Amino acid sequence: MRNKIPRVPVREQDPKERVKNFSEVCFGYNEEEAMLEASRCLGCKNPACVKDCPVNIQIPQFIYQVELGNFEEAARILFTDSSLPAVCGRVCPQESQCEGKCILGVKEEPVAIGKLERFVADWSREKGIKFTDRKPLNGKSVAVIGSGPAGIACATDLAKMGYDVTIFEALHEPGGVLQYGIPEFRLPKEDVVKAEIDNVRSLGVKIETNVVVGRTVTIDSLMDDEGFSAIFIGSGAGLPKFMGIPGENLNAVVSANEFLTRSNLMRAYDPEYETPIYVGKRVAVVGGGNVAMDAARTAQRLGAQVTVVYRRTEKELPARVEEVHHAKEEGIVFRMLTNPVEVLGDEKGWVRGLTCIKMELGEPDASGRRSPVPIPDSNFDIETDVVIMSLGTSPNPLIATTTPGLQTNRWDCLVADESGATTRPGVFAGGDVVTGAATVILAMGAGRKAAEAIDIYLQSK
């Protein structure tokens, strides 16, 4: 009989205090809390949680070791399948994946799998424990383009198999979206991201930054001149989308990508850095995903009053429930069933407001979601100094346009099969560059599948 107790709550910063800083919101479990929460796990023989984890972490096994207090063994199990457990424990949508399938969740709250994953990863980092087991080098080298979640997962598995792996990163810091896209208060860069990337380096993976594939080098030159036997493209989807409405070219209309990159990677939130970032007194964030929540909560911490504008209802918000809850606690205003139709400017070309129209939900669209329909003559204005567009992203077409034989679809995503094989022999791809913008853990799952396919491909040559 398992421990029949409520889910152990996680301690957090007080909302009134955390809006004044960029320190992490959640404190995570201590050892006693983690062991208590782990004691709730039923240890299912056919765990649905594992099947719904894109990287297939052996969840009951690592949780059982946490319950016993064998944290190092729990970490060993965790790191077998995940190269970024401290990251995933913080940012993965567990509620719709592993925890969403937890049998306890039928009548009670599911086991806090994500919080336990975070605890184990943080504990092993604080104790200086690393797992560097790998096969001897087999004489074959693989290039990985992009050091985001897909690239890191692929590189990690390939290194463990014995391949000589080099990651090429366009920016000056590795990590991809983990560095530029997720705020410090959700994902600390120095303590978490850098530490997990250092774990990858400890497996022998080399990382070269400031290399723009398609400009600095090409796929052809990597294979023909530098002798890489195969290539994995995990360059993500960093090209922002806009609405195409009047006034979008005004000063202080920015994409969430640019805004978050300035704040996160270029440290604009830190007074010691001179990176320019403008929020004014009022900010309107257009969109309802996790990126929109990140942009809104960042702007709030930089001193603005923030309104999130979303064309559907709160029920349809794609952002995690936890992120929406935190945003509301921090005083962010939500204007639902609202869609911008024009950005208003002053005589100097700067944003002064946003004209919106009220919406209502009509019939379901092809995906099953009810389509928002404008209500005639319901226009109204929102006063704002900055408009942040968070409408999704698409892959940068640079690699595809400089690589003969690499096919893309109508969304500029690379065409790849389930294993990650593209239309160019020896070139594999996975993550957002194939699917469009998705989650960290889905990108990691794609990276792992591609690593397996690359191994099969190279062993057959």
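Modeller: Start with a helix pair: H2 and H7 cross left-handed. Left-handed means the near helix is turned anticlockwise from the far one by less than a right angle, and clockwise would be right-handed. Helices (H or I, at least four residues) and strands (E, at least two) are DSSP runs, numbered from the N terminus.

Colleague: Which residues of H2 and H7 make the contact?

Modeller: Glu31, Ala34, Glu37 and Ala38 from H2, with Leu116, Phe119 and Trp123 from H7. Contact means heavy atoms within 4.5 Å. Five of these residues are nonpolar, none polar and two charged. Here Ala, Val, Leu, Ile, Met, Phe, Trp, Tyr, Cys and Pro count as nonpolar, Asp, Glu, Lys and Arg as charged, and the others, Gly among them, as polar.

Colleague: Is this predicted or experimental, and how are residues numbered?

Modeller: It is a predicted model: local features need pLDDT of at least 70, side-chain atom pairs pLDDT 80 or more, while totals for chains, interfaces and linings use all residues. Residues are numbered from 1 along each chain as its sequence is written, and side-chain values use heavy atoms, without hydrogens and water.

Colleague: New topic. What is the strand order in the open sheet of five strands?

Modeller: S3-S2-S1-S4-S16, with parallel pairing. Strands pair if DSSP finds at least two bridges between them.

Colleague: Why is one side of S3 and of S16 left without a neighbour?

Modeller: S3 (206-208) and S16 (427-429) stand at the edges with a single partner strand each, so one side of each has no neighbour in the sheet.

Colleague: How many bridges join S4 to S16?

Modeller: Three, and the two strands run parallel. Ile231 has Val427 in S16 as its bridge partner.
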